[in-house]
Structures are given as C-alpha cells and as structure tokens.
Amino acid sequence: MTGRLVCSILTAFLPSVVSSDDRPVMQIVTSEYPPFEYSEGGRIVGSDTHVIRQVVEAMGYEPRIELLPWIRAEAKARRGEASMVYSLTYSDARAAFYHFTDPINQVQDMFFARQESDIAWQTLSDLDDLKIGVSASYSYAPEFMEWIEHHPDNVTRVSHEQPELTSLKMLVHRRIDLFICEQSVCGHLLNKHVVEEPELSRISAIPGIVGESRPFRAAFSRQNPEGQALRDAFNLALRELKQSSEHTSE
C-alpha cells in the first residue's frame with residue numbers, strides 16, 4: 001500500500017483544513033536550523049525541508065510548515081496542535097511524545113571555540129573546567145547528555161530564538177569557552193554572518209566529534225490517534241523516494 005493510498009484512511013484524523021486543490025493539509029512545525037531548515041525570501045527552505053515536502057506530497061497531503069523557536073515547535077507538536085515536527089534526533093525521553101520516522105539526514109556535533117583559546121580535548125573529562133554553551137531542549141549524544149547532567153555549573157543553556165547564532169556571539173564576547181553545535185549549522189552561520197559581524201572570523205570548530213554521527217528524523221505526535229499510521233506512511237513514501245532517486249542516478 002503506497003503512501004497515497006494510506007492518505008484516504010488517515011485524512012479524518014488530521015486538522016480539518018483543506019488546501020486550494022482539495023488535498024488535506026498536514027500541519028508541520030520546525031525551527032530555524034540552516035542549512036537543514038530555515039526561512040529565505042519568505043519561504044521555508046533547506047535540505048531537510050526539501051525532503052519533507054517531497055515525502056508529504058507523495059503521501060497525498062499539502063505540507064503547511066510553520067517556523068517557530070525550537071521550544072515552541074516541540075511544545076506545539078507534543079500537544080498535538082501540529083501533526084509533525086522536524087528535524088530532531090531520537091531519545092528515549094522524546095519517544096514518549098513522538099513516533100519517529102526513518103532517518104532523513106545524518107548530523108555530527110563539534111565544539112566551536114575562539115581560535116586564540118587553543119582548547120583541545122580527547123575525552124569529555126578534559127572539559128571539566130570549561131564553560132560550555134548548549135541549545136536549550138536540544139538532545140545531544142548520550143555521553144554528552146550524561147556529562148551535562150553531572151556538570152550543571154559548567155553549562156549555559158541558550159534559549160533565544162536563534163540559539164546557535166546567539167551562542168557563537170557569546171563565544172566572541174568570552175561569555176562561554178565552547179559551544180556544541182552541528183558542524184554544518186554553525187559552519188553555515190559563520191559564513192553567512194561574518195560580513196556583518198567580523199569578529200565571528202575568530203570562531204572555528206576544534207578537532208573531535210562529540211559522540212557518533214546521528215540520524216536526523218521527523219516525528220509524529222502521539223496525541224494524534226493516527227500518528228503511528230502517519231509515521232508508517234511517511235516511511236513508505238520516503239523509501240520510495242530514495243529508491244526513485246537511486247534509479248535516476250544510475
């Protein structure tokens with residue numbers, strides 16, 4: 001059964017909104033997280049957004065995506081006011097609220113620092129005397145989440161609307177020693193904003209991956225009684241999309 005056939009079964013369980021072409025609308029939330037998802041020219045774009053749109057349309061829905069600060073996006077999905085949230089990594093704590101999809105991307109976290117700080121690390125214990133910025137409500141590698149739990153005084157949780165850019169500026173002004181960030185995200189932000197904030201040129205990633213590369217996923221709210229079925233339909237459409245792309249590239 002293809003994703004399009006599943007659509008007719010699930011439509012009644014989505015918010016009662018119909019698009020101009022009579023396709024049911026799927027309410028989706030995400031946050032500013034370039035290059036994966038971000039606003040440009042009044043439209044939400046990015047590599048993961050491109051995948052989400054393709055898959056949801058293949059399921060027979062019109063994706064209606066809302067860009068919110070991450071804490072608000074997750075809260076809206078957890079309450080069931082949006083059917084789906086993306087992009088996020090799996091954790092047992094989050095699984096209580098969501099049905100997770102198959103991977104849509106791979107990410108890896110690194111520490112960013114001022115170049116003159118000359119900070120190096122091999123194990124997380126090397127960080128015990130440093131002040132580290134983290135994005136509030138984000139889930140990192142399990143070993144780093146454990147380090148956070150045991151070193152609360154070393155951690156500054158950043159909950160601004162754009163926590164990554166805010167934290168990079170905090171590095172510049174020496175309010176923190178390190179910031180943990182997905183390497184593509186902070187690399188993108190540094191390149192984009194260095195002209196307006198020249199001091200960002202002093203910030204760079206330091207060697208070493210925090211944990212293993214992890215898959216980014218989408219997730220359907222457990223508050224939706226058909227959330228699991230929607231997730232299964234999404235996975236089916238995602239597999240078909242990947243198979244079609246592989247055949248096209250051959």
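Predicted model: local features only at pLDDT ≥ 70, side-chain atom pairs only at ≥ 80, totals over all residues.
Which residue forms a salt bridge with E199? Select E199 and R202: the two form a salt bridge, with the closest N and O atoms 3.9 Å apart. A salt bridge here is a side-chain nitrogen of Lys or Arg within 4 Å of a carboxyl oxygen of Asp or Glu.

Residues are numbered from 1 along each chain as its sequence is written, and side-chain values use heavy atoms, with hydrogens and water left out.

Next, select R94 and E74. Their side chains meet in a salt bridge of 3.7 Å, N to O. R94 is in helix α4 (residues 92–95) and E74 in helix α3, 20 residues apart; helices are DSSP runs of H or I, at least four residues, numbered from the N terminus. R94 is buried, with a relative accessible area of 6%, and E74 is buried at 5%. Buried means under 20% relative accessible area, exposed over 50%, and partly exposed in between (1.4 Å probe, protein chains only).

Now select C181 and C186. These cysteines form a disulfide, with sulfur atoms 2.1 Å apart; the cut-off for a disulfide is within 2.5 Å. The link is right-handed, with 100° about the S-S bond. Both C181 and C186 are buried.

Last, select E149. This residue lies in helix α5 and counts as exposed, at 61% relative accessibility.

Note on methods: Helix = DSSP H or I, 4+ residues; strand = E, 2+ residues; numbered from the N terminus.
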